[in-house]
Amino acid sequence: MLKAKNKLGIVFFPAFDWAISPTHPEREERLLYTQDQLNEEGIFDIDGIVEYKPDVATVEDIDRTHFCFPDVDHVTTESHLISAGGAIKSAKLVLDGEMDRSFALVRPPGHHAMKVVHGARGFCNINIEAVMIEYIREHYNVKKIAVVDTDCHHGDGTQDIYWHDPDVLYISMHQDGRTLYPGSGFMQETGGPNALGKTINIPLPPTTGDEGFNYVIDNVVMPILKDFNADIVINSAGQDNHYSDPITNMNFSAQGYARLNDHLNPDIAVLEGGYSIKGALPYINLGIVLAMAGVDYSYVREPDYKYKDLKQDPRITKYLKKMSEQVLRIYFKDSKDDTGKLMPGNYDVRKKEIYYDTDGIRESQIESIMVCEDCRGVLKIETMSSVNPLCLGVEIPINACERCISEGYRILNDGIEKERFTHVQLIDRVKKKYQRY
Amino acid sequence: MLLGVDVGGTHTDAVVIGDGGVLAFAKVVTRHDHLLSSVHEAIEKVIENISPEEISRVNLSTTLTTNAIIENKIEDVCVIVSAGPGIDPGYYTMGKHFYNVDGEIDHRGSEIVLIDVKEVERVVKKSHKDGVRVFAAVTKFCTRNPLHENIIKDRIADQADFVTMGHLLSGQLNFPRRIATAYFNSAVWRLYNDFADAIKSSIESHGITGDIHVLKADGGTIPMEYSRKTPVESILSGPAASVMGIVGLCNISGDSIILDIGGTSTDIAVFADGAPLVEREGIELNANPTLVRALKTSSIGIGGDSAIHLQDNRISVGPSRLGPAMADGGSIPTLIDALNYTGHSSYGDIDKSRAGIESMQAKSSMDAKTIARSAIDYSVTMIYNEVQRIVESINQRPVYTIHELLSGKKVEPGHLYIMGGPANAMESLLSEKFNMQTEVPEHFRVANAIGAALARTTVEIELFADTEHCKLVIPNINVMKKISIDYTLDRAKQDAIEMLRDHLHTIGINEDENDVEILDSSSFNMVRGFETTGQNIRVRCQVKPGVMHRYRDILKQC
């Protein structure tokens, strides 16, 4: 009988009774064939691979992570709490030592959900990885976390949430934003003043294949991960880089995905996008599961796989080499340069216009972060959208310094007193206080 | 009248049940080298005062196939598989004649690569030359499309005495289990058929003309004639016999636990809403998971004859058995001796039990009473913990819809049924530990044979329909038919029930008491681009394990 080298927990929750709409890519059928393939392969009979049921995330788990306006109930359904709960369960399996690795094969996805949530964008309401990461930091003694997002779309939500967080390294490799939703994720996006270089974007040209993905993993992602030295590595395992995906333009294969996971060796993987549900997902998921468990995956391929059709154009190979050098320079050199950084004690301000394509909502926000040398800095977000009047979010980060704590409460009380805001939400990670006013 | 025979590890038990309840029972020693004679003898004894022509049905539970597989006394099988992409099928090699040929069918049942007929023919020829006469054909996703298995069988033709085809074993997806199950099925085919011939003439020689059925691990039966093609279904039926016995003897309603405390182990079964739970996938045999349906049972190494150990001044019991209890003339004190010492039982030679427990004082700072009490507490706690673990694992089993996750039923046992040798002695102890109502049925000593006698036919089928391909398959009862594009889930449910009923008639089950139930059903919109192209429909339905209605109320004693 086959035996897994790494004990792998799989939290499988296909939400067979939930869809955004009947013909939407994010529909009931999405993980049906993946389940068929895993069952037919006898995956759960492999010694060391165990299937688990998801937890259900609580409102507090969401409130710890997001500013949801008007509140969590209005922007989530049960499906989102279960999918986030699936990610939490997979984290617990690893951190409690029950399993060596885990894979949350859950839906709906989350990586386009930003710090502030007014509704759904890019099929996502809440950011399931972020909810999981904040759960981990609240309940376990884990400081440094790295997220490697291999979804074809730039994970602008995860980037937004960790933009100012020096303890969470966010690396995204995705199809170049000039050619695909959401149109962001350029190399120059490298993180806020307190977390410069802790956001790394690797935009890949359309038709990048197995060769390119694996080149970038081995030559860019791995050296950066090694330097960052994370306690936990998470793969945001989107599967829409696949050559058969209907909404993207890449040439990645199931073998490529398996090898990527083999090399990356993440502690936890969380499913994100991927909508070639018959021709790709069953084989990619099988490949990822086997690679994570340390079981031979060499016979995994798609029924219609033809290497010569997918061979990478040499011009892309050349382009990737050059780009890789640039990314490495950004991480190892440019981000250490703090010319132009404001003096500590000042607010660094960003104005953002955000469009929620799934729900058709427009949001305007002003985000202010305290430039701080003693902590991650207090965060203040003023936001209004086509569904909510002006709202305020104040976050006092984990291990906040005295100044940022008192500054946080000053902004909060000021916001409440002036009655300018319809909804006010506080995230106080020091006192573990999550409140609305 | 019903005749039930259960061939167990030590004894072969037989009972006759009629309108007056248990009319006769007999117990003979099992002769492993000659099971037939044990069965013959047990029947002879049990019908001494019964007119054989009144027996309408004989149900037999036997260890024949189980033992043959465990002891590896099985025939060589040529296994021909074709797999397509996935895990290398080489990891699932069974036997010395295992061949993987090209050919590929995907999860929707579409043929991707033709089966390599030339290679099949070559392999068949070679195996025939090697003297192999039984074959197994197993292809990945054959339950969605059995085409390649049928082609392999055609090519084997008269070169084999028997061919097992994977899709006829179960509708369930699980290629490695299917390979193992098909292999075992062919490996015991000849042995089983010879045994069936012999049993048939033995039973007829007693003047019994009733139908003969064989017990399965899921607590149901199949007609022996029909089981000749699927002998693997007769493996590991022993624990199921006892569980079904309890169903016959007690009015089980709600969620309950059944404990069968034997000499070396305690078997645990779980009931939900009065029905025994069936293992989700299938039973494991010789470390090989199979697709053979089985009741969810678990075994723990604590029984009446389990030895009491003393180490570092701590008492433990089992899992080893180092001979019988001292009350039975053994040399090492066991759980039964402890129960005798504390007065919970008075079995066999109580003085020897007392002496045995007292002799342990020398190596310990505990007095004899504490030693006996600790041994009992240890045993009760071990059983309790194992029950907790099983119930927890049942409640943690994955579900796939939001509805089931948020409002799914939890198993919360409120009743404990105990049988086996030390049942009476341990009842009050277990009742206290579990904080549940307990019952010990009166005829528990022959519950296994009663269970065998009363068990009724079970069948499970899985219907798979794809309205885009206009295809419907129910693999294990060999149904394949065309459907129209407007075929619906409701139609599928009706068809599943109807075809299961038809199947029961075909195999000679004509009682109209077969409760057919839908286990689960689903229908998925299949979408290409933004167009719905069809429905992907699945329906699982079964005749659930249970006892024959007519006799259900006769025996209730609890």
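**The interface between chains A and B**

Select chain A and chain B together: the area buried between these two chains is about 4,000 Å², and carbon and sulfur atoms give 59% of it. The model on the screen is a predicted one. To display the contact itself, highlight 45 residues of chain A and 46 residues of chain B.

Next, show the side chains at this contact. Six salt bridges are counted between chain A and chain B. For one example, select E40(A) and R178(B), whose side chains meet in a salt bridge with an N to O distance of 2.7 Å. The count of residue pairs in polar contact between chain A and chain B, with both residues at pLDDT 80 or more, is 22.

Which elements of chain A give two or more residues to the side that touches chain B? Colour β1 (3-13), α1 (32-40), β2 (47-52), α4 (78-95) and α9 (281-293) of chain A to see them. Helix α1(A) deserves a separate selection, as the largest share of this side, seven residues, comes from it. If the residues on the side of chain A that touches chain B are then coloured by type, they divide into 25 nonpolar, six polar and 14 charged.

**Loops of chain A**

Select R107(A) and P108(A), which are joined by a cis peptide bond with an omega of about 0°. P108(A) is located in the loop that lies between β4 (101-106) and β5 (116-117) of chain A.

The loop to display around P182(A) is the one between β7 (168-175) and β8 (199-204) of chain A.

The next stop is N265(A), in the loop between α8 (254-264) and β10 (268-271) of chain A. Although N265(A) is not a glycine, its phi is positive, at about 55°. Is N265(A) buried or partly exposed? With a relative accessible area of 40%, N265(A) is partly exposed.

**A loop of chain B**

Turn to chain B and select C470(B), in the loop between β23 (460-466) and β24 (471-474) of chain B. C470(B) is not a glycine, yet it has a positive phi of about 55°.

**The domains of chain B**

Colour chain B by its domains: domain 1 (2-70 + 191-245), domain 2 (77-187), domain 3 (251-440) and domain 4 (460-551). Then keep domain 1 and domain 2 of chain B in view. Their centres, taken over C-alpha atoms, are separated by 32 Å. Each of the two domains of chain B, domain 1 and domain 2, gives five residues to the contact between them.

Between them, domain 1 and domain 2 of chain B bury about 480 Å², with 72% of this area on carbon and sulfur atoms. Which three residues supply more than any other three of the area that domain 1 of chain B buries against domain 2 of chain B? Select I69(B), K229(B) and V232(B), which supply 71% of that area.

Finally, examine the polar side of this contact. Zero salt bridges are counted between domain 1 and domain 2 of chain B, while two residue pairs, both residues at pLDDT 80 or more, are in polar contact there. On the side of domain 1 of chain B that touches domain 2 of chain B, the residues divide into three nonpolar, one polar and one charged.

Terms used. Residues numbered from 1 in each chain as written. Chains lettered and ligands numbered in written order. Predicted model: local features only at pLDDT ≥ 70, side-chain atom pairs only at ≥ 80, totals over all residues. Heavy atoms only, no water. Contact = heavy atoms within 4.5 Å. Buried area = accessible area lost by both parts, 1.4 Å probe. Salt bridge = Lys/Arg side-chain N within 4 Å of Asp/Glu carboxyl O. Polar contact = N/O pair within 3.5 Å; in protein donor to acceptor, adjacent residues only side chain to side chain. Helix = DSSP H or I, 4+ residues; strand = E, 2+ residues; numbered from the N terminus. Nonpolar A, V, L, I, M, F, W, Y, C, P; charged D, E, K, R; others polar. Buried < 20%, exposed > 50% of the residue type's maximum accessible area, 1.4 Å probe, protein only. Domains from an automatic or database assignment.
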